[in-house]
Amino acid sequence: MEDQVLAATLSQPLIIASFQRERFYRQEAHRYQRLSQRSNQIYVLSAPETEFAHNSEYYEKVAFEPDDGLSQEWHLVVIADNYATCLVCRESVGSIAKNQQLPEISPGLDIDTARRFEGIWTSERGVSLKAAQLLLDRILVYRPDLVDKIEEARQRFGIGGSIKITGAAPLNEYACDIDTDPFVQRLVTYLQASQYKLHKAYRSIAAQARKERLVNSISTAIRRSLDPHSVLEVAAQELGQHLEAGRCLIYRAQTTEAQAIIEHEFLSPGVVSVRGQTWELESNPLFQELTQQGEGVCVSDTLIDYRVTSSPKLSLIVKKLGIRSWLMEPVFSQGRLLGIVELHYCDLPPHEWQPGELDLVKAIATQVGAALIQAEAFANLEELNKQLEALDRTRSNLIAITGHELRTPLSTIQVCLESLASEPDMPLELQQVMLSTALSDSERMRKLVQDFLTLSNLESGRVEWHPETLSLQECIDLALSRLRTRSSTEKIPQIKTQIPKTLPLIRADGDWLVEVIAKLIDNACKFTPSQGEIHIKATTSKRNQMVEVTVSDTGRGIEPNRLEVVFDRFYQEEGALRRTAGGTGLGLAISRQIVTGWGGKIWAESIGKDQGSQFHFTIPIVQGSAEEQQLFVKSK
Ligand code: ADP
């Protein structure tokens with residue numbers, strides 16, 4: 001109603017507004033200030049709360065007593081020459097009772113919004129004039145000083161009153177001469193605005209629902225498949241389609257990588273494919289910005305964006321691939337860059353990015369990150385599983401082999417002893433053979449158990465090392481003397497030792513070093529005919545501060561593809577049953593454990609069958625001057 005006045009369709013109207021409380025008036029105060037420029041007949045009534053008081057500055061303010069019945073009423077009366085309307089309301093009884101209880105029940109509750117008013121809103125002139133008359137009478141009670149001004153209004157609009165009206169115009173009670181057009185106009189505008197708002201809300205809900213559907217479909221793809229390829233393919237297709245992009249690319253990339261291969265691509269018709277191509281990242285300023293800032297980079301128009309126009313390389317790509325708008329979104333997981341999601345718009349005009357779209361790309365990038373991490377974790381798990389399976393296989397093999405290795409001599413011993421026991425008439429010679437077979441097999445079993453325990457201790461790290469400064473020559477001599485005592489009856493190949501006098505001292509556990517040398521010489525003897533030769537040599541490698549010892553023979557040699565396998569536990573060229581040379585098949589495995597224990601290496605070389613073999617191993621040199629070394633030698 002007030003707007004009708006403000007729209008300047010009414011000239012000099014009478015306006016009476018009565019508010020229950022000052023705070024309601026204050027919300028409207030600015031409007032009445034503006035109305036005061038259109039009329040000098042404005043009366044605003046309210047129960048004061050802070051500063052509202054009788055005043056005539058812009059319009060007439062009438063402060064009524066808070067316990068006045070007006071504090072439960074709400075009135076607005078507008079009367080002009082050809083227009084009259086009024087709103088006459090009283091707070092409902094239920095509402096008053098409720099408001100009196102409310103502060104007790106819930107002190108913080110806004111009781112103003114809980115008020116309910118009942119009354120009439122009408123444009124009947126007679127009713128409006130009557131309302132004006134009643135209100136003007138009330139005003140006069142509080143502001144008798146306004147008697148002349150009020151009289152003037154009564155005269156002009158023909159309003160009756162308790163005071164005597166001289167020459168009042170006759171009341172035209174039912175005159176209804178309203179121009180409803182402005183109302184209708186406003187109503188239409190209001191309805192249109194509401195409809196527009198509804199439409200907008202619907203659109204945003206629909207967009208949100210679409211976004212959720214998209215994110216859901218990608219999450220479902222992730223849950224269904226542990227194959228990152230299929231997940232990334234689904235994500236590229238769905239995102240590109242949903243955002244109506246020309247091209248949507250998803251590829252793996254890391255901050256330090258110079259290039260990436262485009263693996264997954266969505267294409268709209270007529271757009272050139274880049275699938276399978278190598279994507280330059282290092283020289284791409286957009287990628288650099290992305291990695292530096294840790295967030296997505298958006299180019300609205302490649303033709304005017306400085307980052308593109310200043311880079312000849314980017315300009316060329318943009319031209320070649322027809323990219324007009326470009327978005328690069330990183331795929332991060334725990335701060336680590338895993339990949340990139342790219343959107344290209346190739347049509348005219350350049351694409352205008354909506355905030356919702358960017359949010360959606362971010363949400364998809366997060367899902368893609370989860371998929372990649374999941375796939376990575378799965379791959380690691382698979383690898384670990386494989387290793388565990390291999391370990392389990394080795395363990396089972398080991399048990400089987402050990403069982404077999406032990407059972408074989410045990411059965412022989414058993415057969416021999418049973419035969420001796422059951423056949424007392426057995427010739428003496430045969431008895432001797434039986435006994436010696438049982439004895440040698442029991443010796444083999446003892447060795448096997450001993451070697452197996454040694455290897456287990458070495459492998460589990462239960463061995464205590466006692467490194468000391470040693471002379472290699474002395475260790476070789478010890479190993480050779482041990483060999484000679486054992487094989488005094490056998491004929492063994494000739495052994496030649498060539499150790500330079502200047503060889504530096506070495507640092508290792510003496511007992512274990514003698515064990516390795518003895519084992520290698522023992523093997524060389526076993527696999528070389530007695531007319532063959534065995535050479536023990538040593539050289540110094542200053543570069544890695546190691547002495548390299550080589551035990552070579554002219555024996556049966558090793559096939560090149562077996563050079564590494566010979567270090568496996570229980571490996572024996574001819575198999576346990578056909579073994580002629582004896583041994584447990586654990587010697588080289590033990591030697592490798594010992595050498596690696598002091599930080600050295602051991603390996604075999606051979607050019608093939610019957611070509612002889614060379615076994616090499618390294619030992620650390622003692623750190624210290626040549627004088628110190630000499631001193632050590634002399635002290636011995
Ligand atoms: P063992 O000698 O007790 O059988 P090893 O672990 O010492 O067990 O050796 C494993 C296998 O490696 C041998 O059975 C043999 O087949 C091969 N091997 C070791 N040394 C030589 C060598 N000097 N020449 C040829 N083959 C060898």
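Which residues does Asp301 touch, not counting residues up to four places away in sequence?

**Figure 1. The whole predicted model.** This is a predicted model, in which local features need pLDDT of at least 70 and side-chain atom pairs count only at pLDDT 80 or more, while totals for chains, interfaces and linings use all residues. Residues are numbered from 1 along each chain as its sequence is written, and side-chain values use heavy atoms, with hydrogens and water left out. The protein has 16 helices and 20 strands (DSSP runs numbered from the N terminus: helices are H or I, at least four residues, and strands are E, at least two). Of its 636 residues, 42% are buried (under 20% relative accessible area with a 1.4 Å probe, counting protein chains only). The protein exposes about 35500 Å², of which carbon and sulfur atoms supply 54% (areas by the Shrake-Rupley method with a 1.4 Å probe).

**Figure 2. Asp301 in its loop.** Asp301 is found in the loop between β11 (297-299) and α9 (306-309). Its relative accessibility is 12%, so Asp301 counts as buried. Not counting residues up to four places away in sequence, Asp301 touches Arg324 and Pro350 (a contact means heavy atoms within 4.5 Å).

**Figure 3. The largest nonpolar core.** This core has 52 residues (a nonpolar core is a set of buried Ala, Val, Leu, Ile, Met, Phe, Trp, Tyr and Cys residues joined through side-chain atoms within 4.5 Å). Those with the most contacts inside it include Leu472, Trp598 and Ile517. Helix α14 (residues 510-526) supplies the largest share, ten residues. The core lies between domain 3 (406-458) and domain 4 (464-635), because both give residues to it (the bounds come from an automatic or database domain assignment). Leaving out residues up to four places away in sequence, Ile517 touches Leu472, Cys475, Ile476, Ala479 and Phe617.

Figure 4. A polar side-chain atom of Asn523 is 2.8 Å from an oxygen atom of the ligand. For Arg556, a side-chain N or O atom lies 3.0 Å from a ligand oxygen atom. A side-chain N or O atom of Ser613 lies 3.1 Å from a nitrogen atom of the ligand. Taken alone the ligand exposes 530 Å², and the protein buries 99% of that.

Notes
Buried means under 20% relative accessible area, exposed over 50%, partly exposed in between (1.4 Å probe, protein chains only). A polar contact is a pair of N or O atoms within 3.5 Å; within protein, one must be able to donate a hydrogen and the other to accept it, and residues adjacent in sequence count only if both atoms are side-chain atoms.
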